[in-house]
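Welcome, and thank you for opening the viewer. Get your selection tool ready, and we will walk through a few stops together.

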Amino acid sequence: DGFLCPITCMVMRDPVMCTGDGHTYERHAIAHWLEMNKTSPLTGSSMERWDLVPNHAVRKAIAELQLELPSEEELQSSFGVPGDDGGQGASSSSVVQGGPAEKRVYNEDGIYVFASLRRSLYSLDATVHVWKAKKLCMPSKVATSAVESTWESSMKAQVTCMKALDRGRVVVSGSRDKMLRVWNVPKGGVDSAHLKQEAALQGHTDWVNCLDVDGREEVVVTGGRDTKVIVWDTLKWYAKHTMKTQDYVNCVAFDRVRDKFFVSGGNDWKVLLWDSQTFRQSLEFSGHTYALKCCAVDPVSASWVVTSGDDSKLCVWSPESNKCLVEIEGAGGDYNESINCCSISSDGHVVACGLANKRIALWDTRTWKLLQKLDGHKSGVEDLCFVPGFSNKKLISVDGRSLRSWSCKSSDWSCDHTVTAHAIACCEMASY
């Protein structure tokens, strides 16, 4: 009974303790309750002031006992929130109100894969190709690697990072020519021949290494080799704030649930947490022993942050308690090789890490045990991302020489399709 939410009467997927009464509930259920009530659902006492704190002990105990968890549809219907129709019959992506965070429903036919590459191995001309994710997630004998669209023109610098703003219908890219570019997606979708450049923004004085967008898609944050973290306004596309760090900035990631913070990491070995409203540094996590290469924020509750890099160490941090929750040594492989990139599935249950040893490592976030290692890449995995709308079941990765799509069936992952190209540097998913 201690693992059942008092509101839903189901095993808890995301248990949190409410500080107002000290009891543990399912996060979305108690959040939904507190939107309409100011009393404890158990004691009836007044709760004018409260906060929701992740109960990691209960979550770990549930995972260790391997209890059957309710589906998201069952969980939502238990407290009066419409369920996900899985995208069936939807003509485009939509939003369902379900507690404090918005839950998106994706149309499979409208999900695209963006990947940067060069014209040839020795060419400086860089462009971005776009494929339909549905085609890349079919078996190789069925799928086609035909390009749906490309950038309007090539650039004389490698594209290092990309993010899609779904509601703004733009794709933002950073590159080694120090520029942040904004590409317009036509109303007809990316099936058009080219995506046209809307803006080219100057602000960095060296390579743009990384970027991310907040949950409301109102600001984009970039980090670069010039040690700067720059916040860009997406309405008028200008630099609204610039912060200096001590060394190269290699990764940034937003809290896209509550939009309270974003994190950055770089060659100074530190994880910096920034306030999303004031753009001032609020916390600093220390524990890595070499440069950081990747970071990601839990997309379900934003209650933990995962970081990794050249020290082959996977660390999980709590922004609320300022503590390291999990530290996994040697997560990069038998020879402590670098972890180049990471991504968290939309349900928060799986972290995928791209390794320098040509493998992808999948970790269960409920127990932080290794689920599986994926082989097949010919060189170090440079970037990866989960396909939106498919929870933790589909994944796209690039290794510099190829782009691969992966799918999970009966808890076993396999490669569906491979696209060979020159110098693929990064990938991104979008739904239009």
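**Stop one: a pair of facing residues**

Select W232 and look across to β16, where A239 stands opposite W232. Keep in mind as you go that this is a predicted model. Now widen the selection to strand β15, residues 228-233, together with β16: six bridges pair these strands in the antiparallel sense.

Next, bring in the rest of the sheet. β15 and β16 belong to an open sheet of four strands, in the order β13-β14-β15-β16, with antiparallel pairing. At the edges you will find β13 (208-213) and β16 (238-244), each pairing on one side only. Turn the view to follow the twist, which averages 20° from one strand to the next.

Select β13. How many of the six residues of β13 are buried? Six of the six are, so β13 is largely enclosed by the rest of the structure. Then follow the hairpin of β13 and β14: five residues lie between the strands, and E217 takes a positive phi near 60°.

**Stop three: a buried serine**

Pick S301, in the loop between β21 (292-297) and β22 (305-309). Is S301 buried or exposed? With a relative accessible area of 2%, S301 is buried, because the cut-off for buried is under 20%. Show the side chains of S301 and D298 to find a polar contact of 2.5 Å joining them. Leaving aside neighbours within four places in sequence, S301 is in contact with D14, R27, V257 and R258.

**Stop four: helix α1**

R27 leads us onward, as one of the buried residues of α1. Select the helix, residues 27-36: seven of its ten residues are buried, so α1 is largely enclosed by the rest of the structure. Besides R27, colour H28, A29, I30, A31, H32 and L34 to see the buried set.

**Last stop: another sheet**

Finish with an open sheet of four strands in the order β29-β30-β31-β32, again with antiparallel pairing. Its edge strands are β29 (383-386) and β32 (412-420), each pairing on one side only. Inside the sheet, select β30 (residues 394-398) and β31 (residues 402-409), antiparallel strands joined by five bridges. Which residue of β31 is the bridge partner of K394? Look for S407.

How values were computed
Residues numbered from 1 in each chain as written. Predicted model: local features only at pLDDT ≥ 70, side-chain atom pairs only at ≥ 80, totals over all residues. Heavy atoms only, no water. Pairing = 2+ DSSP bridges. Helix = DSSP H or I, 4+ residues; strand = E, 2+ residues; numbered from the N terminus. Axes fitted to C-alpha atoms, helices over the stretch in contact; angles between N-to-C directions. Buried < 20%, exposed > 50% of the residue type's maximum accessible area, 1.4 Å probe, protein only. Polar contact = N/O pair within 3.5 Å; in protein donor to acceptor, adjacent residues only side chain to side chain. Contact = heavy atoms within 4.5 Å.
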